[in-house]
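User: Could you go through this one with me? I'd like to take it piece by piece.

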Amino acid sequence: MLDTLFLHAELIGKMLGVSSTTAYELLHQKDFPSIRVGSRLVVPKEKFMEWVNRRTSERVFLPTAIGMCRAAPYPRKDGLIHRVDL
């Protein structure tokens, strides 16, 4: 099976525990490593993991659009996301 190189809004939403609409809003944030492929916004899997790990190690809150998100499998009340390993 071919490993996915790029993540789309639905996958990002599932990984972060938010809706695909919220994930799509994240794809439009300036500091998010998304790229346009045709008419779709996607993010390279490695860049997404770097973005998540940078935010968890720096304890940086997510943008307002997803500031209250809870990341599976361990939701936190402070709105921070957890380190995600794929």
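**Helix, sheet and surface**

Analyst: Let me begin with Thr21, which lies in helix α2, the helix that spans residues 20–27; please keep in mind that this is a predicted model.

User: Is Thr21 buried or exposed?

Analyst: Thr21 has a relative accessible area of 51%, and because exposed means over 50%, Thr21 counts as exposed.

User: And how far is Thr21 from Ala9 in space?

Analyst: From C-alpha to C-alpha the distance between Thr21 and Ala9 is 7.4 Å, while along the sequence the two are 12 residues apart.

User: Switching to the sheet, what is the strand order?

Analyst: The sheet is open and has 3 strands in the order β1-β3-β2, with antiparallel pairing. Its edge strands are β1 and β2 (35–37), each of which pairs on one side only.

User: How many bridges join β2 and β3?

Analyst: Strand β2 pairs with β3, which covers residues 40–44, in the antiparallel sense over 3 bridges, and within β3 it is Arg40 that stands opposite Val37.

User: Which residues form the nonpolar patch on the surface?

Analyst: That patch is formed by Leu5, Phe6, Ile35 and Val37, which together have about 370 Å² of accessible area.

User: Where is Phe6 found, then?

Analyst: Phe6 is found in strand β1, made up of residues 6–7.

Terms used
Residues numbered from 1 in each chain as written. Predicted model: local features only at pLDDT ≥ 70, side-chain atom pairs only at ≥ 80, totals over all residues. Heavy atoms only, no water. Helix = DSSP H or I, 4+ residues; strand = E, 2+ residues; numbered from the N terminus. Buried < 20%, exposed > 50% of the residue type's maximum accessible area, 1.4 Å probe, protein only. Patch = residues over 30% accessible without salt bridge, like charges linked within 9 Å, V, L, I, M, F, W, Y side chains within 5 Å. Areas by Shrake-Rupley, 256 points an atom, 1.4 Å probe, with all protein chains shown as cover. Salt bridge = Lys/Arg side-chain N within 4 Å of Asp/Glu carboxyl O. Pairing = 2+ DSSP bridges.
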